[in-house]
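Reader: I would like to go through this structure with you, part by part. Could we begin once it is on the screen?

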Amino acid sequence: MLGPDARERYLRHILLKEIGAQGQQKLIAARVLVIGAGGVGGPVIQYLAAAGVGRLTIADDDRVALSNLQRQTIYRDADVGALKAERAAAFARALNPSISVVALPERIGAARAEALFREHDVVVEGVDTIEARQTLNAAGVAARTPLVSAALGRFEAQVSLFTPWAGQDLPCYRCLVPETPPREAVIACAEEGVVGPLVGVAGSIAALEAVKAIAGAGETLAGRLFIFDGLRLMARTVRLRRDPDCSVCGSIARSV
Ligand SMILES: [Zn+2]
């Protein structure tokens, strides 16, 4: 049961028939791991904390740099040099003191990822290399924890949700991106630049997918890739298919 304060705080969710009081209870009971508290992670943390996600774990081993402030709007000028995980956790606690927030100022490698994924209901990643994304994808498939993945560069953002165990044709990230991708696909935003508000679009879409996956609302991006072109202001969604020979999800049992 939601108390009077919670009813008021989450009223605009409760009013939605797709979420309602029941969906809000699920959000309050949910445990979400956010990996990467940068451009994408910021809005994800902001919206999930505001949504009342009961347990938010924020993993990032990086420190706030001056060049982050152009787009990572949960940080302030005075945060430069501080650990992102700790500043982001402080931001989330101040936004919503009723939730529990854990800061993990560390890089989540393969050894640690699977166990950590198992402790959470949904993982949202906004990391900046394909290699890191492959590691997290493998952990998500092994732990069967839905993984919201958001990538961006320059003026374009891409978001999807990976749950390959949940349907015959649903892919994982590895189905789409080979282990040795072409050089041009590997260029990180550190090298190529990114327009500030784009990270807000990508992060908001990723947060929306996490909320929908938890509350059971609507149709998620599982099996689809959302592509946003900020320069021409166009969005499209393309269907994704799994690779039956995928080294990560090819052999797992699926339930439809
Ligand atoms: Zn796969």
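Reader: What do β7 and β8 form, and how many residues lie between them?
Author: They form a hairpin with 4 residues between the two strands. This is a predicted model, in which local features need pLDDT of at least 70 and side-chain atom pairs count only at pLDDT 80 or more, while totals for chains, interfaces and linings use all residues. Residues are numbered from 1 along each chain as its sequence is written, and side-chain values use heavy atoms, with hydrogens and water left out.

Reader: How many bridges join β7 to β8?
Author: There are 6 bridges between β7 (residues 224-229) and β8 (residues 234-239), and the two strands run antiparallel. Asp229, for example, has Met234 in β8 as its bridge partner. Strands are DSSP runs of E with at least two residues, helices are runs of H or I with at least four, and both are numbered from the N terminus. Two strands pair if DSSP finds at least two bridges between them.

Reader: Which residue in the turn has a positive phi?
Author: Leu233, with a phi of about 50°, although Leu233 is not a glycine.

Reader: Is Leu233 buried or exposed?
Author: Leu233 is exposed, because its relative accessible area is 59%. Buried means under 20% relative accessible area, exposed over 50%, and partly exposed in between, with a 1.4 Å probe and protein chains only.

Reader: Where does Arg144 lie?
Author: Arg144 lies in the loop between α7 (130-143) and β5. Its phi is positive as well, about 55°, although Arg144 is not a glycine. With a relative accessibility of 39%, Arg144 counts as partly exposed.

Reader: Turning to the metal, which residues coordinate the zinc ion?
Author: The zinc ion is coordinated by the SG atoms of Cys172, Cys175, Cys246 and Cys249, at 2.3 Å. Donors are N, O and S atoms within 2.8 Å of the metal (3.2 Å for Na, K and Ca); water is not among the atoms, so sites may look incomplete.

Reader: Why is the arrangement tetrahedral?
Author: The arrangement is tetrahedral because the 4 donor atoms subtend angles of 96 to 122°. For four donors, that label requires all angles to lie between 85 and 135 degrees.

Reader: What spacing do the donors follow along the chain?
Author: The donors of the zinc ion follow C-x2-C-x70-C-x2-C. Of these cysteines, Cys246 and Cys249 are both buried.

Reader: And where is Ser251?
Author: Ser251 is in the segment after β8. Ser251 counts as exposed because its relative accessibility is 72%.

Reader: Now the parallel strands. Which way do the residues of β4 point?
Author: In β4 (residues 122-125), Val122 and Val124 point one way and Val123 and Glu125 the other way, and all are buried.

Reader: How many bridges join β1 to β4?
Author: There are 4 bridges between β1 (residues 31-35) and β4, which run parallel. Val34 is the residue opposite Val124 in β4. β4 also pairs in the parallel sense with β5 (residues 147-153), over 3 bridges, and there Val124 has Val148 as its bridge partner.

Reader: Last topic: what volume does the second largest pocket have?
Author: The second largest pocket has a volume of about 220 Å³. It is lined by 13 residues, and those closest to its centre are His13, Tyr47, Ala207, Leu208 and Val211. On a 1 Å grid over the protein atoms alone, a pocket is an open set of points where a 1.4 Å probe fits, with protein on both sides within 12 Å along at least five of seven lines; lining residues have an atom within 4 Å of a point. The volume is the space filled by probe spheres set on the points.

Reader: Which element gives the most to the lining?
Author: That is α11, with 5 residues. The elements that give two or more residues are α4 (41-50) and α11 (196-215).

Technical notes
Tetrahedral: all angles 85-135°; square planar, octahedral: opposite > 155°, others 65-115°.
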